[in-house]
Structures are given as C-alpha cells and as structure tokens.
Amino acid sequence: MAHQPPYRPLDAQVIPRFAGIRTFMRAPHVTDLAGVDAVVYGIPFDTATSYRTGPRFGPEAIRSASALIRPYNPGLDVNVVESLSIVDRGDVPVSPGDTERTYAQIEEALAPVVAAGAFPAAMGGDHSITLAELRAIAKRHGPLALVQLDSHGDTWEQYFGQPYFHGTTFKRAAEEGLLDTAASVQAGMRGSLYGAEDLQAARDLGFTVLTTDELRELGPAGYGELVLGKVGTRPVFVSFDIDFLDPAFAPGTGTPEVGGFSTAEALAFLRALRGIRLAGCDVVEVSPPYDGPGQQTALAGANVLYDLLALRAIGGAPA
C-alpha cells in the first residue's frame with residue numbers, strides 16, 4: 001500500500017487535529033480506509049468485568065498517554081509512521097450491559113477494516129472484547145495463533161453463570177474454531193486460583209501455558225524462540241492484558257495480581273517476538289479510575305501498543 005507522510009490528512013473525511021479530538025500518537029482520525037495500513041480503535045466496554053470496573057475509559061487514557069510517543073522505535077529499529085500509514089478510527093459503538101450485542105457491534109465495525117487488509121489494533125475495554133475481534137479477523141485469515149501475555153488464562157467455562165465474560169474469552173474462541181490452540185502460547189499466569197484445574201483446563205484445550213515463574217526462567221530470548229517455533233508463518237493475534245504487569249507498575253486494572261513483571265521486562269518479551277506475522281492485536285484491562293497520579297498504567301498500555309505496531313511494521317502482513 002502507498003504510505004502517507006506521518007500525520008498528514010488522507011482525505012476530506014479527516015477530522016483536523018486542531019478540532020480537539022485526541023488520537024493515538026496524534027495520528028489522523030480517518031473513516032476512509034484507502035491507503036491505510038494500520039487502524040487503531042477503541043472498544044470502551046467493561047460490562048464483563050468481575051471485580052473493578054473502569055476499562056471503558058481505557059481507550060481515552062491510552063490515547064492521552066500516547067501523545068509523547070515519537071515515531072522512531074529504537075528497541076525494534078523502525079520508524080513506525082514511515083513504515084505504516086496509521087490512523088485512529090475512533091471508538092466502536094458498544095452497548096453497556098449487553099455483551100452479546102456489543103460483540104455484534106464490534107464485528108460489524110471491524111468488517112470493513114479487515115476487508116481492506118488493514119491491521120486492526122484495539123484499545124480496550126475488558127478482555128471479553130477479544131472474542132469479537134477474533135471472530136472478525138478469523139473470517140479473513142482462518143484460525144489464528146494466539147500470543148497472550150496475561151496473568152489469567154481466561155479459559156473458564158463460565159463466570160457468574162455467564163458464558164461470555166472476561167474470564168471465558170479464550171475457551172469460547174477455541175470452541176468456535178477461531179484459534180489454532182496448538183500454535184498458541186499463554187504466558188504470565190500467576191495468582192490464586194479456584195483449583196489446580198484452572199491452568200490444566202487451558203492445556204487441555206491445546207494451549208501452551210507458561211506461569212510467571214516459567215516465563216522468568218525462560219527469559220525474553222527463550223520465550224521468543226518458543227513462540228516463533230509454535231506460530232511459524234501462521235497469522236498471529238497478540239492480546240496483552242495490562243495485568244501481566246505487576247500492580248507496582250500498573251495499578252490501574254480490574255484484577256491485579258502481585259508478583260508480575262516490570263514495564264521494561266514486558267517490552268523485552270514483546271521485542272523477542274520479532275518476525276511474527278501479526279494479523280491483529282489488542283491491549284486490554286486498563287482501568288484509569290485505579291491508576292496512579294502519573295497515569296503509569298495508561299502510559300504502559302500506550303507503549304505496549306506502540307511496540308505491537310512496530311512488530312507489525314517489521315514483520316509484515318500475514319500471507
């Protein structure tokens with residue numbers, strides 16, 4: 001695709017930056033997808049949270065925190081906005097209190113993005129939203145390899161009696177054939193569980209599951225080697241739950257778990273994925289009401305999304 005110079009309006013449908021609309025990395029807010037490589041969008045939905053609500057405000061906070069991010073990513077040696085024509089398409093419509101209707105709205109909103117061959121990068125929102133994203137993207141690419149950085153596997157059968165919840169996302173995705181679980185890796189699992197079977201349930205579905213201790217022992221290089229060996233040339237969806245980070249680094253999340261990773265460690269694990277063929281990604285569970293006075297959780301989320309865009313830039317689109 002032809003690339004546009006950074007931040008230059010692509011067409012008459014661009015809302016000018018001086019109009020007071022906050023966008024990710026100050027990218028143009030565009031509705032027309034002609035010539036667009038990557039689409040950043042928000043999903044302000046948190047009905048499916050189980051403890052602390054607030055991720056509906058995550059997209060706004062991530063956009064605000066991204067204002068300082070500069071185009072060149074030295075960790076991955078790529079100028080993101082020169083390599084990709086990136087736009088912010090705004091927030092998709094959601095229906096608070098109605099998860100399944102929201103899924104339909106997300107799928108409808110993503111359909112033209114996927115059809116245009118653009119890379120969808122979502123800002124959540126709670127982790128239930130990923131199921132709708134996977135449905136939309138799998139229609140183009142078939143079953144995806146999942147790379148999940150999270151402290152929870154989200155593979156319960158139900159939670160609070162509900163089959164569609166932020167703790168059931170990847171059980172439903174596996175059941176619906178949206179994922180190639182044999183090529184998928186969940187990493188960072190930690191915290192108290194209802195039983196030992198919680199982790200085993202994910203392994204029974206075919207996922208490779210790494211606890212926090214196992215991931216630390218592997219280190220970034222070993223993790224990257226494991227993931228790249230699993231996913232091969234398959235299209236990959238990366239889902240980054242901000243609670244992968246220790247609450248000392250990311251207090252603004254709904255289900256914090258102690259004993260997690262620092263922001264620096266998280267970026268090292270992401271950068272070890274160099275070469276994967278990204279078909280989509282999201283950063284979820286940023287809950288601004290519980291963030292610190294410096295908004296460190298939102299800042300972490302913005303930089304994680306920036307690195308995911310950089311991974312797409314250097315890895316290219318799936319075949």
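Trainee: In what sense do strand β5 and strand β10 pair, and over how many bridges?

Mentor: In this predicted model, strand β5 (residues 119–124) and strand β10 (residues 277–284) pair in the parallel sense, over three bridges, and M123 stands opposite V283 in β10.

Trainee: Which strands form the open sheet, and in what order?

Mentor: Eight strands form the open sheet, with parallel pairing, and their order is β4-β1-β5-β10-β9-β6-β7-β8. At the edges are β4 (86–91) and β8 (208–211), each of which pairs on one side only, and from one strand to the next the twist averages 15 degrees. Helix α1 (residues 58–65) packs on this sheet, where it touches β1 (38–43), β4 and β5, and its direction makes about 110 degrees with that of β5.

Trainee: How should I read two packed helices?

Mentor: Two packed helices are described by the angle between their axes and by the distance between those axes. Here the axes of α7 (residues 212–231) and α8 (residues 263–271) come within 8 Å and cross at roughly 45 degrees, which means that α7 is oblique to α8. The contact is made by L215, R216, G219, P220 and Y223 of α7, together with E265, A268 and F269 of α8.

Trainee: And how is empty space found?

Mentor: Rolling a probe the size of a water molecule over the atoms shows where empty space is left. The largest pocket holds about 480 Å³ of space and is lined by 29 residues, with H152, W156, S192, L193 and E257 nearest its centre; α6 gives the most to that lining, with three residues.

Key
Residues are numbered from 1 along each chain as its sequence is written. This is a predicted model: local features need pLDDT of at least 70, side-chain atom pairs count only at pLDDT 80 or more; totals for chains, interfaces and linings use all residues. Side-chain values use heavy atoms; hydrogens and water are left out. On a 1 Å grid over the protein atoms alone, a cavity is a set of points where a 1.4 Å probe fits but cannot get out, and a pocket is an open set with protein on both sides within 12 Å along at least five of seven lines; lining residues have an atom within 4 Å of a point. Grid points are joined across faces, edges and corners, and a volume is the space filled by probe spheres set on the points. Helices (H or I, at least four residues) and strands (E, at least two) are DSSP runs, numbered from the N terminus. Axes are lines fitted to C-alpha atoms, for helices over the stretch in contact, and angles run from 0 to 180 degrees between N-to-C directions. Angles under 35 degrees count as roughly parallel, over 145 as roughly antiparallel, 65 to 115 as roughly perpendicular and the rest as oblique. Contact means heavy atoms within 4.5 Å. Two strands pair if DSSP finds at least two bridges between them.
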